[in-house]
Amino acid sequence: MTEHSVQTRQATTTKKGWTLSAVLGAIAFASSLFASPAPAEAVALDNVLNEQIVMIPAVSGSQVVQLETTVFKPPGDGPFPLVVMNHGKALGNPRLQNRDRFVVLSREFVKRGYAVAIPMRQGFSKSTGDYIDRGCDMTEHGYSQAQDLQSTLDYLRSQPWIDNTRIVVAGQSYGGLTAVAFGTRQYPGVKGLINFAGGLKMHGGSCHWQESLVQAFSNYGARSALPSLWFYGENDHHFGPELAARMHNAYVQAGGNAKLVAYGPFRKDAHGMSASRDGVKVWWPETEQFLKNIGMPTDVVLALNDEVKIPATEYASIDNIDAIPYLQGSAREQYKVFLTKSLPRAFAVSSTGSWSWAEEGDDPVEQVLADCQKNSSQPCKLYAVDNNVVWVPDQQPVNGSGTAIAATANTSTVAGN
């Protein structure tokens, strides 16, 4: 999973968890945004990246399930080359994970003319169906998850805006395992695989999960001819350098085609590198060359505006803890914790005393507003972003693009991993 840190509190109740992203703002429902034999409901979101959510139908045994899928694409009718990015798994119930967006990575591909799809697999977030735990059998974990990936591609390849001859499949953590497992299917139009810290870590029990992972990659390498690019960092807390090298060697020795990029330490945990703005300089140069080698485009064709910066105000200095409105009890101590966190980061508060901070991840601004709002009957507002106080007294609530939104919009939240 692409992880970031979030902490939220309402009055005297503290909740801490791992999530990815959420979307605040007015949600406009649109019909017929995607042509499909089985029409799927689409939701229009971010205008800059043409972000939409579509529920993709997929067959699971004797039933049809719906996969909550985020789509980013350039303006126009296409057809666009496609990147399918696959998500990881956090601890706990998969249904409680937030919708993954991979905004940083998606921007890099959209501005080069790609459409990007991020499907939530069965049992995750708003996707229906059930997640099936394959226990210690890592090979089956990958194969099982790859079935939902194939259902997503079957749907997307039928869309007129997709160039179904130019497809790249990528994934992070559990999604990286999924992507590499999918490579064994010899799916038409898929030119290559990108694996960001792929694998699945087991917690507790007697499972020898590291050995099972090595065996899984050996099994996949014996059945795949697709070129692949792998990224594992020195301080990855899930899959360290020794395990990454073993998985890569097993894959290659079995016949697989993979280049391992074993880069150095990245922030506090390299496992989340692909979700960080600073991670682009780690993964893009190697990815650019990889894409050229497999005949995929790399030139920038769309001038995206820089991410909107929420302006600083003169309300207070960033380290003036006493100036923050509404905080009660030990909440100001949590603001001190926030000040120790890495950039990007954000802190939000509401008049009910609810608060939340977030760091890293797809978009900590959107995340912190969504998490704060879960515990507040009144609108949450941004207090600080990165190293700046952005608080405006009596302001309207503001979404992540810097746009004021109506207070009632906070009740219409699309959330999920």
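How many salt bridges does the count come to? In this predicted model, the count comes to 13.

Let's start with Arg-99. Its partner is Glu-51, and the closest N and O atoms of this salt bridge are 3.0 Å apart. Arg-99 sits in the loop between β8 (80-86) and α1 (103-110), while Glu-51 sits in the loop between β5 (42-44) and β6 (52-60), so the bridge ties together parts that are 48 residues apart in sequence. Both ends are tucked away: Arg-99 is buried at 1% relative accessible area, and Glu-51 is buried too, at 2%.

Now try Arg-267, which forms a salt bridge with Asp-278, with 2.5 Å between the closest N and O atoms. Here both residues belong to the loop between β13 (257-263) and α6 (280-293), 11 residues apart. Arg-267 counts as partly exposed, at 33% relative accessibility, and Asp-278 is partly exposed as well, at 32%.

Asp-163 is buried, with a relative accessible area of 14%, whereas Arg-166 is partly exposed at 27%.

On to the rings. The count of aromatic pairs comes to 23. One of them joins Tyr-131 and Tyr-174, edge-to-face, at 6.3 Å centre to centre and with 85° between the planes. Tyr-131 is in the loop between β9 (115-119) and α2 (138-156) and Tyr-174 is in helix α3 (residues 174-182), so this pair ties together parts 43 residues apart in sequence. Tyr-131 counts as buried at 18% relative accessibility; Tyr-174 is buried at 1%.

Next, look at Tyr-335 and Phe-347: their ring centres are 5.0 Å apart and their planes lie at 85°, so this pair is edge-to-face. Tyr-335 is buried at 0% relative accessibility, and Phe-347 is buried at 0%. Both belong to a cluster linked by ring pairs, which also takes in Tyr-315, Tyr-326, Phe-338, Trp-355, Tyr-383 and Trp-391.

Finally, charges and rings meet. The charged end of Arg-112 sits over the ring of Trp-284, 3.8 Å from its centre. Arg-121, for its part, lies over the face of Phe-124, at 5.5 Å from the ring centre.

Conventions
Residues are numbered from 1 along each chain as its sequence is written. This is a predicted model: local features need pLDDT of at least 70, side-chain atom pairs count only at pLDDT 80 or more; totals for chains, interfaces and linings use all residues. Side-chain values use heavy atoms; hydrogens and water are left out. A salt bridge is a side-chain nitrogen of Lys or Arg within 4 Å of a carboxyl oxygen of Asp or Glu. Helices (H or I, at least four residues) and strands (E, at least two) are DSSP runs, numbered from the N terminus. Buried means under 20% relative accessible area, exposed over 50%, partly exposed in between (1.4 Å probe, protein chains only). Rings of Phe, Tyr and Trp (its six-membered ring) pair if their centres lie within 6.5 Å; planes under 30 degrees apart count as stacked, over 60 as edge-to-face and the rest as tilted. A charge sits over a ring if NZ of Lys or CZ of Arg is within 6 Å of the ring centre and within 35 degrees of the ring normal.
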